[in-house]
Amino acid sequence: MPNKTTAPAPAIVEGFFIGTLAPLGPRQVPSGIDKKPVQGHLAITRVGLQGDEHGDTRHHGGPEKAVHHYPADHYGEWRKEGIEAAAPAFGENITTSGLSEADLCIGDVFRLGSALLQVSQGRQPCWRLNARFDRPDMAIRVQKSGRTGWYYRVLEEGAAEAGNALVLHERPQPEWSLARIIGLLYTRTMDTESLQELGALPELAPSWRELAARRIASRKVEDWSRRLHDSHA
């Protein structure tokens with residue numbers, strides 16, 4: 001049985017970011033990935049930060065992907081690999097230091113300002129990162145690295161601002177760190193026993209529970225090529 005993940009200390013939110021639709025990449029696809037910092041209190045609603053926009057509402061945004069968190073710590077790792085970037089290059093809504101995929105678990109509930117957030121799933125990197133960084137391999141690099149970031153659903157709407165602390169309120173699944181789930185989905189891809197356990201986690205986003213069920217039923221890994229490389233996906 002996997003070890004329980006140690007509860008993280010409160011993390012200070014270093015920045016809030018929102019984006020409006022703008023053309024992305026050679027095909028000029030509408031996207032809100034080019035986010036800008038926001039000062040002062042910002043409303044956090046069931047579907048995300050006030051004023052944040054998404055070009056592809058089928059795959060981005062919505063209640064299960066209301067708020068995107070990307071750790072500031074990861075940027076140092078990218079720089080070591082020759083990729084110069086800083087928040088919010090990954091299109092994140094919030095960033096912190098000292099909190100990563102290894103430190104939090106699916107279903108973790110955090111208090112942020114007057115809002116209550118719950119970790120719902122990790123990010124599945126897609127071709128938009130290739131366009132954003134002007135690198136055809138960026139999405140697959142993110143997937144292989146495990147430095148994906150994650151999403152929250154909003155349990156209680158509220159407001160917060162940069163400088164507020166993200167404080168762990170509840171941890172229902174201490175054995176299911178996000179790092180473990182990312183490893184299962186992208187590395188130990190046909191560990192069917194773990195996939196069955198993953199698919200039964202009520203706190204996990206429905207789309208990820210369905211992914212686990214499909215993989216078990218088909219006994220094969222889904223095709224990642226369109227998500228990672230094809231801008232027509």
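Student: Which residue in β6 is the bridge partner of Thr 45?

Tutor: Gly 48 is the bridge partner of Thr 45. Before going on: this is a predicted model, where local features need pLDDT of at least 70 and side-chain atom pairs count only at pLDDT 80 or more, while totals for chains, interfaces and linings use all residues. Residues are numbered from 1 along each chain as its sequence is written, and side-chain values use heavy atoms, with hydrogens and water left out.

Student: How many bridges join β5 to β6?

Tutor: There are 2 bridges between β5, residues 42-45, and β6, and the strands run antiparallel. Two strands pair if DSSP finds at least two bridges between them. The elements themselves are DSSP runs numbered from the N terminus: helices are H or I with at least four residues, and strands are E with at least two.

Student: What order do the strands take in that sheet?

Tutor: The order is β6-β5-β12, in an open sheet of 3 strands with antiparallel pairing. At the edges are β6 (48-49) and β12 (158-160), each of which pairs on one side only.

Student: Moving on to β10. How many of its residues are buried?

Tutor: 8 of the 8 residues in β10 (115-122) are buried. Buried means under 20% relative accessible area, exposed means over 50%, and partly exposed is in between, with a 1.4 Å probe and protein chains only.

Student: Which strands does β10 pair with?

Tutor: β9 (109-112) pairs with β10 in the antiparallel sense over 4 bridges. β11 (150-156) also runs antiparallel to β10, and 6 bridges join these two. On the β11 side, Leu 116 stands opposite Glu 156.

Student: What is in the turn between β9 and β10?

Tutor: The two strands form a hairpin with 2 residues between them, and Gly 113 in the turn has a positive phi of about 60°.

Student: Which residues other than glycine have a positive phi?

Tutor: Asp 134 is one, with phi near 55°, and Arg 219 is another, with phi also near 55°. Asp 134 is in the loop between α2 (127-133) and α3 (138-145). Arg 219 is in the loop between α6 (206-218) and α7 (225-229). Most residues other than glycine have a negative phi, and most peptide bonds are trans.

Student: Are Asp 134 and Arg 219 buried or exposed?

Tutor: Asp 134 counts as exposed because its relative accessibility is 70%. Arg 219 is exposed as well, with a relative accessible area of 65%.

Student: Where is the cis peptide bond?

Tutor: The bond from Ala 87 to Pro 88 is cis, with omega near 5°. Pro 88 is in the loop between α1 (73-80) and β8 (94-96).

Student: Which residues of α1 are buried?

Tutor: His 74, Tyr 75 and Trp 78 are buried in α1. They line one face of the helix, because down the axis of α1 the buried residues fall within an arc of 100°; the arc is that of the directions from the helix axis to the C-beta atoms. These buried residues pack against α3. Just after α1, Gly 82 takes a positive phi of about 85°.

Student: And Leu 184, buried or exposed?

Tutor: Leu 184 is buried, with a relative accessible area of 0%. This residue lies in helix α4 (178-186).

Student: What does Leu 184 touch?

Tutor: Not counting residues up to four places away in sequence, Leu 184 touches Trp 176, Thr 189, Asp 191, Ser 194, Leu 195, Leu 198 and Arg 215. Contact means heavy atoms within 4.5 Å. Leu 184 and Leu 195 are 11 residues apart in sequence and 7.6 Å apart in space, C-alpha to C-alpha.

Student: At what angle do α4 and α6 cross?

Tutor: The axes cross at roughly 35° and come within 12 Å. Axes are lines fitted to C-alpha atoms, for helices over the stretch in contact, and angles run from 0 to 180 degrees between N-to-C directions. Ile 181, Leu 184 and Leu 185 of α4 make the contact with Trp 208, Leu 211 and Arg 215 of α6.

Student: What about α5 and α6, how do their axes cross?

Tutor: The axes of α5 (192-199) and α6 cross at roughly 145° and come within 8 Å. The contact is made by Thr 192, Leu 195, Gln 196, Leu 198 and Gly 199 of α5 and by Arg 209, Ala 212, Arg 215 and Ile 216 of α6.
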